[in-house]
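Below is a short briefing on one chain, grouped by topic. The sequence and structure come first.

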Amino acid sequence: MGKRKGTPAEPADSSDREEPSPRKKTAKSKATGRPVSENPYVKDNWTIHPPTLLHRDFDSQQSSKIAAFDLDDTLVKLKSSSNWPVDANDFKLFNKRVPAKLKEILDEGYKIVIFSNQGSIKQALEGKASEKARGRADNIMAELGIPAHVFYATANDKIEDDLFRKPRPGMWDLLVREHLGGKAPDLKKCYYVGDAAGRPNDFADSDRKFAEAIGIKFMVPEDVFGESDSKKSMKAPAGGPNLNQAMSDAFNELASLQERSGGNPFGVRATKKVADIIAGFPQQITSSSMVKSVAGVGKSSLAKVEEFLSTGKLAALEEAGIKVGPSAGDDASASAAVQFL
Ligand SMILES: [Mg+2]
């Protein structure tokens with residue numbers, strides 16, 4: 001139960017990877033033969049790069065050594081308890097060491113680059129979601145005060161033939177091709193840091209696969225910055241009993257269901273987090289108010305906790321034919337049901 005799978009729309013291989021840079025001819029999608037971008041243009045200091053890319057260079061320094069970072073849950077976390085940013089100010093630093101550490105990396109002569117998937121924007125590059133995401137990056141960069149080049153891949157899982165969404169290496173290829181001043185990156189010294197590393201509690205492994213596709217070293221945020229300040233650890237001691245097994249199973253199944261049906265990655269991750277919180281909760285949960293103040297448990301999760309407490313199930317799972325708990329039968333039948341979604 002609760003097994004996670006890679007997103008089918010994002011093949012782990014790098015078959016659509018362009019040739020190593022620098023290169024002169026226009027990059028084309030192998031699948032469609034269309035140019036990767038037609039007519040990038042600048043708006044509000046951002047380069048709008050149709051069909052699915054935005055980027056802004058916040059005065060990054062040029063170097064063949066690139067220190068690249070994911071954004072959410074790597075450099076910053078959400079300030080709100082929502083599943084995704086509520087506005088352009090919805091962020092806090094991953095921990096207070098982030099700015100000083102980035103400054104150190106800068107002083108070692110690295111170009112700092114941020115590669116972030118922002119699938120809520122899709123192809124509406126000038127739409128409201130785009131405006132919010134761009135404004136949020138502007139605010140984050142102002143708070144960090146570090147020169148860096150920020151790339152946003154705006155496609156979600158449902159947009160086919162996209163070259164930019166991680167784990168595909170298109171953002172990196174574009175950086176090398178057009179924004180390194182003709183320098184070739186020194187791959188042995190470059191690295192990428194991200195939280196989607198395929199660890200047991202991670203919602204995905206797209207960051208690790210992105211680094212693998214490029215061929216550079218991969219690290220998780222804790223390797224570089226240490227533990228996050230804001231994580232309120234609700235983990236039971238190792239080997240401790242899960243006093244809320246049926247409820248945590250239900251939330252894990254819900255996360256898998258959301259992932260398989262192409263749900264918003266922020267939402268999938270949030271559900272998974274809540275499942276972990278419930279599994280590690282040191283008491284049997286008998287009321288949603290017991291988990292109300294725990295970081296990561298938002299309004300919609302609270303409603304689901306209530307639903308589970310009063311009905312013993314989650315309607316979303318029932319509708320998909322997924323049973324959890326003592327009456328669930330074996331794993332095979334539950335996952336068989338999922339195959340037909
Ligand atoms: Mg992340």
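Leaving aside its neighbours within four places in sequence, which residues is Phe151 in contact with? They are Leu53, His55, Val113, Ile114, Phe115, Ser116, Met171 and Leu175, where contact means C-beta atoms, placed from the backbone, within 7 Å. This is a predicted model: local features need pLDDT of at least 70, side-chain atom pairs count only at pLDDT 80 or more, and totals for chains, interfaces and linings use all residues. Residues are numbered from 1 along each chain as its sequence is written.

**Cores**
- The largest nonpolar core has 50 residues, and those touching the most other members include Phe151, Met171 and Leu175.
- A second, separate core of 26 residues includes Leu257, Ile277, Ala279 and Val305.
- A nonpolar core is a set of buried Ala, Val, Leu, Ile, Met, Phe, Trp, Tyr and Cys residues joined through C-beta atoms within 7 Å.
- Buried means 20 or more other C-beta atoms within 10 Å of the residue's own; 40% of the 341 residues in the chain are buried.

**Sheet**
- Eight strands (DSSP runs of E, at least two residues) form an open sheet with mixed pairing, in the order E1-E2-E3-E8-E7-E4-E9-E10.
- Its edge strands are E1 (41-43) and E10 (217-219).
- E4 (residues 66-69) and E7 (residues 111-117) pair in the parallel sense over four bridges; pairing requires at least two DSSP bridges.

**Helix H6**
- Of the 16 residues of H6 (a DSSP run of H or I, at least four residues), 13 are buried.
- Just after H6, Gly262 has a positive phi of about 75 degrees.

How values were computed: Buried ≥ 20, exposed ≤ 12 C-beta atoms within 10 Å, placed from the backbone. Contact = placed C-beta atoms within 7 Å.
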